Structure formats: structure tokens, C-alpha cells
Amino acid sequence: MNLLKSFVVAAFLSGAAAAQSTSIQTPSTDLPRGATVWVNTGTEIVLLPALGLSVSVPVGSVDVRGSVGTMFLPFAADGMGGPASVPVFASVDALFNFPQGPVNLYAGPGVGTVSGQALLLNATAGVRGEFRGGRPGWFSEAKLRGYVMDGSSVVLPGLHLGVTYRF
């Protein structure tokens, strides 16, 4: 468990260091607002490691982002013991943008599923910037996911750090 905690702390610190060590400039107005690819690592269900891939497209003033990801459960998904599992989740988020100088704050709701067995209700808030005013960028976000399955529900937080590429 200490190894997992060390990994999570290292991932967060390296993402923060990468974001701070680049010269952040005002987002380029020369580049059209288009599709963006997001790749992230982080946590789901408080401290479980996760990886994700997303694509967002602008629809009016909102970015609609479709995501696919996975998390590592060190126990069987059914809670009955057995081997670890790696469930896949998919979601769609509507992200509202709030430009603030050199960065873009965003937030919005979403809906999804975990391996087709649980309904996800998401609330996402984050900050996104660019490296040297170009197409590559970075982001950091927090999520609250409501997991609804078998008549019960639970809301759990997650954190994502990652990179983006804007087309």
C-alpha cells in the first residue's frame, strides 16, 4: 500500500512540476478552437490508479468530451475475493469554459458507465493550459463520480493529471 501511495504522490508532483517548469503564455488566438485529445493518469475511487483517453470537440461555448478509461482494483470487482480486476469506464462530459488569462478553467456534468454494469454521474472541475502557447498542453482536474449499481449509490472523488493536444 505504501508503494501505491508513493506512486500516486510522485505522479501528482511530476505533473505539477511539469506544469510549473514550462513557460505558460496566453492561449494562442492564432490556432482555431478545435478537437482536443486528452491523455491522463490519476486516481479513481479515492486512491486507485487510473489511466484515461478522451477526445473533446467544441459545440458552441461548451466542449463535449468523450472518455474511456480504466482503473486497477486490487480485488475482484464482485468483492468475493479472487484475482484483481481492471474495469473499463466510459463517459461523456459537457465542459463549460472560463478563460482566465494564461489558463482555462472548466467545469461541467457528465454521465457514463463502468463496464456496462454501473451508472456514473460525474461532476468535473479543472484547469488547462498550453506549453509555450502552442498545440500541446496540460491539465489537472478533480472529479466526483456517483456510482449507481444494484439499487445503491456512492459518491467518490478522483484526480487526473495529463497532457492535451489541440488540433
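Colleague: Which residues form a nonpolar patch on the surface, and what accessible area do they have together?

Modeller: This is a predicted model, in which local features need pLDDT of at least 70, side-chain atom pairs count only at pLDDT 80 or more, and totals for chains, interfaces and linings use all residues. Residues are numbered from 1 along each chain as its sequence is written, and side-chain values use heavy atoms, with hydrogens and water left out. A patch is made of residues with over 30% relative accessible area and no salt bridge, with nonpolar side chains (Val, Leu, Ile, Met, Phe, Trp, Tyr) joined within 5 Å and like charges within 9 Å; a salt bridge is a side-chain nitrogen of Lys or Arg within 4 Å of a carboxyl oxygen of Asp or Glu. The patch here consists of V55, V57, V59, V64 and V92, and its accessible area (Shrake-Rupley method, 1.4 Å probe, only the protein chains shown counting as cover for residues) is about 350 Å².

Colleague: Which strand gives the most to the nonpolar patch?

Modeller: Strands are DSSP runs of E with at least two residues, helices are runs of H or I with at least four, and both are numbered from the N terminus. V55 is found in strand β2, and this residue counts as partly exposed because its relative accessibility is 41%, where buried means under 20%, exposed over 50% and partly exposed in between (1.4 Å probe, protein chains only). With three residues, the strand that gives the most is β2, residues 48-59.

Colleague: Which residues make up the largest nonpolar core?

Modeller: Such a core is a set of buried Ala, Val, Leu, Ile, Met, Phe, Trp, Tyr and Cys residues joined through side-chain atoms within 4.5 Å. The largest one has seven residues in all, namely A50, M71, F89, V114, A118, L120 and Y147.

Colleague: What is the phi of D150, and is this residue buried or exposed?

Modeller: Most residues other than glycine have a negative phi. D150, which is found in the loop between β7 (136-149) and β8 (152-166), is not a glycine, yet its phi is positive, at about 55°. With a relative accessible area of 77%, D150 is exposed.

Colleague: Where does S115 lie, and what is its phi?

Modeller: S115 lies in the loop between β5 (103-114) and β6 (118-130), and its relative accessible area of 41% makes S115 partly exposed. S115 is also a residue other than glycine with a positive phi, near 50°.
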